[in-house]
Amino acid sequence: MKLLTVITKNFKLLIRSKASAFIVMVGPLLIILLVGFAFSTKTSYELSIGYYAPEKNNLTASFVDTLKQSQYQVQEFPDEQSCVKRIEQGIIHTCIIFPENLRISNQGQSEIRFLVDYSRINLVYKVIGSVSALLDIESEEVSYSLTQILISGINNTIRDLRQELSIVESFNPKLNLLSVDLQGSKQNSEAMKYESVSLNLESIEDSVASLNESISELILKGSALINDSDAWLDDLEDYENVSDKREEFDALREELSNLYNITPAKIDDLEISLLVISNSLSEIDKSMSQNKELNQEIQQKLDSAKNSLVSVQANAANLKKALDKTKQNLESIGVTSAETIVSPVNTKIEPVVSETSKLTFTFPFLLVLVIMFVGLLLSSSIVMFEKSSKSFFRNHISPTRQEFFVLSTFITSLIVISAQTIIILGLANYFMHIPLFKNALCASLLIFFTSAFFIMLGMAIGYIFSTQEGAIMASVVMGSVFLFLSNLVIPLESFAPWITSIMRYNPYVLASELLRKLLLFNVTIKESSFTMALLGGAAFLIFILIIISVNLRNKKRVKASKEPGISRESPAEKEEADKSD
Amino acid sequence: MANFKYSLPKYFHIMNRPPILKIQRLNKQYGKTKILKNINLDICEGEIFGIIGASGTGKTTFLKTMAGYLAPEEGDVKFRYDYFVKKKGKKGNEENILYASVYKQQRIAKNLFGFASQEPSFYSKLTVRENLKYFGSLYSMPKKALDSNIEILLSLMDLKQAEKTLAKDLSGGMERRLDIACALIHDPDVLILDEPTSDLDPMLRAHIWSLVQKINKKGTTIILASHHLSEVEHFCSRIAIIKDGRIIDVESPARLKTKYAESQEIRIQTYPGNYGNICKALKKPGSRAYDLQVKGSELIIYSDQPQIVIHELLHTLELLKEELIDINVSRPGLDELFLKITSEKERGQKAR
């Protein structure tokens with residue numbers, strides 16, 4: 001029961017503090033609602049792509065068409081510098097620079113550069129991804145068409161080879177015929193009778209040799225006999241050995257007789273041999289006739305083979321022509337480098353700023369974040385402190401104008417923020433080497449206007465809310481909404497277009513984006529004047545509203561009049577006064 | 001420094017002069033609730049003017065409206081404009097008395113008043129001197145004059161020792177003195193004190209009252225609201241009794257007592273103190289004691305003829321064997337008078 005009572009009391013206190021209750025209960029719902037609205041209708045990024053093509057050819061046009069067919073906004077620039085400038089200004093997200101002579105050839109790959117701003121740290125990789133995807137699509141198409149050319153070349157070659165194959169195939173019967181002819185010639189040649197003739201000649205030769213031998217032997221022996229007879233005759237003069245010679249003569253005569261006796265046989269043999277030779281020669285003659293016939297057949301077949309060979313030669317010439325054509329076809333394929341076919345165009349990503357440290361890119365966002373939260377919380381706290389202070393009444397009964405208090409709160413907060421900012425900038429410059437003094441004047445002005453805006457906003461919160469916790473909560477919610485709907489957490493381009501168009505004027509976005517550009521690029525006062533004027537104007541407007549609101553409250557409490565309200569004491573009054581004295 | 005009246009040794013209280021403030025037909029309401037009803041009042045220069053009334057009767061609203069912090073629905077509060085002219089060093093005819101509306105000449109009127117509210121109104125995290133310096137600067141005072149005023153006030157308020165002490169570390173009495181000092185830093189002609197001694201112990205109250213007298217003696221008109229009526233009657237030159245947003249009466253304390261105190265009060269203490277029996281005895285028909293109240297160890301008897309009642313009382317005490325320890329006869333205090341006046345007026349209004 002006691003617990004219930006305490007809880008009921010807490011709720012009553014909460015509800016009766018209307019502004020706090022609103023922030024506590026409705027604030028988170030409001031954020032969810034805003035975020036819901038922001039993300040419900042959006043699936044991709046709103047990117048703006050710029051390109052510069054020094055020379056326009058079909059390939060460039062094809063790439064540009066692909067870009068234009070995408071969901072992104074595409075804008076052409078007359079030169080690279082103007083394109084880069086637009087990136088720096090945040091108008092476009094990337095700049096595609098086509099090479100002067102964009103060709104697909106074997107002599108190295110063409111390189112398309114695209115310039116991105118790495119300081120858009122949470123968007124740059126989306127941009128790279130998206131644009132790379134687009135370029136990859138086109139590159140794939142080019143690769144596809146190159147492959148098509150290659151494949152059609154191969155197909156043509158195959159077709160030609162098929163035709164050439166038929167020519168080659170036509171060689172077969174002719175070569176078969178040639179083979180048959182040669183085979184026939186060979187058989188005919190083999191069928192010619194050379195062996196029988198040779199055998200018979202040997203026999204004749206043997207017979208002749210034998211006869212010759214016999215005759216020679218006869219001649220020899222006859223010569224020997226003559227010689228022996230001479231000798232014998234000589235010996236006869238020498239008479240002494242006649243008896244011996246007689247024997248020898250007898251032996252020789254016998255031998256000669258024997259030899260004479262065998263010679264007819266040998267002549268017979270020779271006759272026989274000659275007969276055999278005659279027969280053989282007849283056979284040879286016969287064979288020669290046959291051979292002649294065969295030779296004629298061979299001649300015919302060789303003629304046929306020659307014809308076949310002529311035909312084959314003609315076909316071979318045709319084949320050469322066909323192969324020459326195929327070669328030409330294959331040579332007509334311009335791009336044959338595998339690397340070029342697979343990746344016909346190279347993309348090169350280049351940053352528009354030389355800075356590589358992510359801290360440098362995030363620094364402007366962090367600095368403005370500090371300014372925003374310190375501005376909101378500090379100024380609302382000072383106002384709330386004054387409002388709840390014991391001295392509030394004494395300040396109000398003094399003749400000091402309310403504007404003075406508002407202004408003094410503003411200046412106090414500004415001094416604190418300035419001191420913090422100077423410390424942060426000093427540390428950033430010393431330790432992180434962040435180039436702060438490139439646009440020092442513009443940066444200082446921007447920091448002043450940003451601080452002024454958030455201080456005034458915080459003061460307005462302080463004047464609106466009646467409790468310290470309500471004001472702090474409102475400041476935190478306000479800062480969180482600004483932070484959430486900015487580039488630091490999620491790229492603005494990922495929100496619904498209408499939210500994006502509103503959020504571009506989110507003071508945190510305005511200030512952080514401009515500070516980023518000031519620190520990284522050469523942004524002039526003129527270029528940054530619009531944002532500064534917006535922030536400064538908004539701060540001044542809030543200041544005026546605060547003054548009006550405070551004065552209205554005072555007027556409500558004390559009705560002031562422009563009339564002097566000075567009067568002389570009337571005689572009656574004076575008389576009455578004298579009487580009382 | 002020479003013009004700062006607290007630096008002047010001489011008391012120059014000016015009484016017989018036209019009023020410094022004229023409050024005319026003042027009506028103020030919050031929403032539909034009427035807080036101040038047709039208040040007409042003149043405040044004389046140099047007086048200590050007391051406003052008494054029960055809590056919630058509109059005393060603070062009256063003071064704030066008078067000082068120009070709140071705007072009335074009807075009526076006006078006028079201040080001596082010619083004083084301002086003289087302060088500025090402009091030539092003016094002594095006889096030429098000018099009045100200006102607090103609401104129409106706000107900036108000047110704010111310089112006229114010094115206001116010390118019920119709750120001390122200063123920065124607790126500033127030192128005594130820093131508070132004085134800060135509030136002085138809000139009145140666009142020249143540095144030299146401001147420094148001089150600070151020194152004088154530190155001395156007058158007995159805060160010199162604590163000038164470098166943070167206000168949050170001050171005692172209750174010192175806080176109240178610092179608050180009054182802050183209200184006086186710009187040398188106002190009228191000092192408004194709302195409940196200056198509330199929540200203070202008797203010693204601190206006495207100290208504050210002594211301070212109020214000192215300030216007044218320097219020539220500052222003081223308007224104060226309090227419900228410590230016994231204190232107010234001792235220090236105020238005139239008292240306004242406020243009830244339900246109306247001023248019932250405005251008189252000096254003595255005249256109020258004379259006017260309303262038809263009876264005197266006899267306070268007795270007896271032993272053993274059977275006051276019930278004494279009351280029974282005194283309440284017989286024809287007795288001049290028409291009201292008897294037992295308060296603590298005292299019996300208070302109201303009578304328009306105290307000498308007769310005392311005679312009867314002494315006789316009764318003898319009969320009842322009560323020993324008289326103390327007896328005191330006086331006019332009733334402001335507390336009783338206030339109750340009497342307000343109840344009478346209430347009865348009168350009901351009767352009407």
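Me: A:L59 is found in helix α3 of chain A. Is A:L59 buried or exposed?

Reply: Happy to start there, with one reminder: this is a predicted model. Burial is judged by relative accessible area, and under 20% counts as buried. A:L59 has 14% relative accessibility, so A:L59 counts as buried.

Me: What does helix α3 of chain A lie across?

Reply: Helix α3, residues 58-69 of chain A, lies across β1 (48-52), β2, β3, β4 and β5 of that chain. Its direction makes an angle of about 165 degrees with β1(A). Helix α4 (residues 80-88) of chain A also lies across strands, namely β1, β3 and β4 of chain A, and runs at about 160 degrees to β3(A).

Me: How should I read the sheet under those helices? In what order do the strands of chain A stand?

Reply: The general idea first: strands of a sheet pair through backbone hydrogen bonds, either parallel or antiparallel. Here five strands of chain A form an open sheet, ordered β2-β1-β3-β4-β5, and the pairing is mixed. The edges are taken by β2 (73-76) and β5 (345-351) of chain A; each has a single partner strand, so one side of each lacks a neighbour in the sheet. From one strand to the next, the twist averages 25 degrees.

Me: How many bridges join β3 and β4 of chain A?

Reply: Four bridges link β3 (residues 94-97) and β4 (residues 110-116) of chain A, and these strands run antiparallel.

Me: Now helix packing. At what angle do the axes of α12 and α13 of chain A cross?

Reply: Two packed helices are described by the angle between their axes and the distance between the axes. In chain A, the axes of α12 (residues 440-464) and α13 (residues 468-484) come within 9 Å and cross at roughly 140 degrees. Over 145 degrees would count as roughly antiparallel; α12(A) and α13(A) are therefore oblique to each other. The crossing of α12(A) past α13(A) is right-handed. On the α12(A) side the contact is made by A:F454, A:L457 and A:I461, and on the α13(A) side by A:A471, A:A474, A:S475, A:M478 and A:F482. By class, this contact of α12(A) with α13(A) has seven nonpolar residues, one polar and no charged.

Me: Before we leave chain A, how many helices and strands are there in chain A?

Reply: Chain A has 17 helices and six strands. Of its 581 residues, 40% count as buried. For contacts in chain A with a separation of 6 or more, 81% come from residues 24 or more positions apart.

Me: Let's move to chain B. Why is strand β1 of chain B described as largely enclosed?

Reply: Count the buried residues along the strand: seven of the ten in β1 (residues 21-30) of chain B are buried, so β1(B) is largely enclosed by the rest of the structure. Then look at its partners. Seven bridges join β1(B) to β2 (residues 33-43) of chain B, in antiparallel fashion, with B:L36 of β2(B) as the bridge partner of B:K28. Five bridges tie β1(B) to β4 (residues 74-80) of chain B, also antiparallel, and there B:Q24 stands opposite B:D76.

Me: Which residue takes a positive phi in the hairpin of β1(B) and β2(B)?

Reply: B:G31, with a phi near 65 degrees; the hairpin has two residues between the strands.

Me: And in what order do the strands of the four-stranded open sheet of chain B run?

Reply: The order is β12-β13-β11-β14 in chain B, with antiparallel pairing. At the edges are β12 (289-295) and β14 (323-330) of chain B, each pairing on one side only. Neighbouring strands of this sheet are turned by 20 degrees against each other on average, ignoring direction. Five bridges hold β11 (residues 264-271) of chain B antiparallel to β13 (residues 298-303) of chain B, and B:I268 stands opposite B:L299 of β13(B). Helix α10 (residues 275-282) of chain B lies across β11, β12 and β13 of that chain, at about 15 degrees to β13(B).

How values were computed
Residues are numbered from 1 along each chain as its sequence is written. Chains are lettered from A and ligands numbered from 1 in the order in which they are written. This is a predicted model: local features need pLDDT of at least 70, side-chain atom pairs count only at pLDDT 80 or more; totals for chains, interfaces and linings use all residues. Side-chain values use heavy atoms; hydrogens and water are left out. Axes are lines fitted to C-alpha atoms, for helices over the stretch in contact, and angles run from 0 to 180 degrees between N-to-C directions. Angles under 35 degrees count as roughly parallel, over 145 as roughly antiparallel, 65 to 115 as roughly perpendicular and the rest as oblique. A crossing is left-handed if the near helix is turned anticlockwise from the far one by less than a right angle, and right-handed if clockwise. Contact means heavy atoms within 4.5 Å. Ala, Val, Leu, Ile, Met, Phe, Trp, Tyr, Cys and Pro count as nonpolar, Asp, Glu, Lys and Arg as charged, and the others, Gly among them, as polar. Two strands pair if DSSP finds at least two bridges between them. Buried means under 20% relative accessible area, exposed over 50%, partly exposed in between (1.4 Å probe, protein chains only).
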